[in-house]
Amino acid sequence: MNVIIRNLPKDTSENEIQELLKEHGVPVTKVTLTNEGDAELCTAVIALDTNRAGANALVSMVDGKLWRGRTLAARTQNMFTGEGLNQP
């Protein structure tokens with residue numbers, strides 16, 4: 001399950017994101033940072049070793065949180081995997 005965190009400062013590091021999420025006991029497997037489309041802001045895509053309920057709990061903890069002078073925006077990444085298709 002992935003979570004997207006937007007509105008991060010442009011100089012945010014992967015280690016900072018891991019530390020931020022570690023405060024909440026989140027099992028992070030990978031952090032990818034990008035600033036595509038806006039050189040002043042950064043977006044993190046976080047791969048989690050959890051289910052949708054765990055990802056939603058993280059979003060609830062992080063969304064709207066003030067961090068390094070910015071209000072974070074978080075959401076789950078809805079990915080279509082095809083799982084469950086063609087099931088009777």
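Author: Thr12 counts as buried, with a relative accessibility of 7%, where buried means under 20% relative accessible area, exposed over 50% and partly exposed in between, for a 1.4 Å probe and protein chains only. The model is predicted, so local features need pLDDT of at least 70 and side-chain atom pairs count only at pLDDT 80 or more, whereas totals for chains, interfaces and linings use all residues. Residues are numbered from 1 along each chain as its sequence is written, and side-chain values use heavy atoms, with hydrogens and water left out.

Thr12 belongs to the loop between β1 and α1; helices (H or I, at least four residues) and strands (E, at least two) are DSSP runs numbered from the N terminus. Its side chain reaches the backbone oxygen of Pro9 at 2.6 Å. Leaving aside neighbours within four places in sequence, Thr12 is in contact (heavy atoms within 4.5 Å) with Ile17, Leu33, Trp67 and Arg68.

Ile17 is one of the buried residues of α1, together with Leu20 and Leu21. Viewed down the axis of α1, these buried residues fall within an arc of 90°, so they line one face of the helix, the arc being that of the directions from the helix axis to the C-beta atoms. What covers them includes β1, β2, β3, α2 and β4 (66-67), while Asn15 and Lys22 are exposed on the other side of α1.

Arg68 is partly exposed, with a relative accessible area of 39%. It forms a salt bridge (a side-chain nitrogen of Lys or Arg within 4 Å of a carboxyl oxygen of Asp or Glu) with Asp11, the closest N and O atoms being 2.6 Å apart. Asp11 lies in the loop between β1 and α1 and Arg68 in the loop between β4 and β5 (70-71), so this pair ties together parts that are 57 residues apart in sequence. Asp11 itself counts as exposed, at 53% relative accessibility. The side chains of Arg68 and Glu16 also meet in a salt bridge, at 3.1 Å from N to O; because Glu16 lies in helix α1, that pair ties together parts 52 residues apart in sequence. Glu16 is partly exposed, at 27% relative accessibility. Through shared partners, these salt bridges join Asp11, Glu16 and Arg68 into one network.

Technical notes: Polar contact = N/O pair within 3.5 Å; in protein donor to acceptor, adjacent residues only side chain to side chain.
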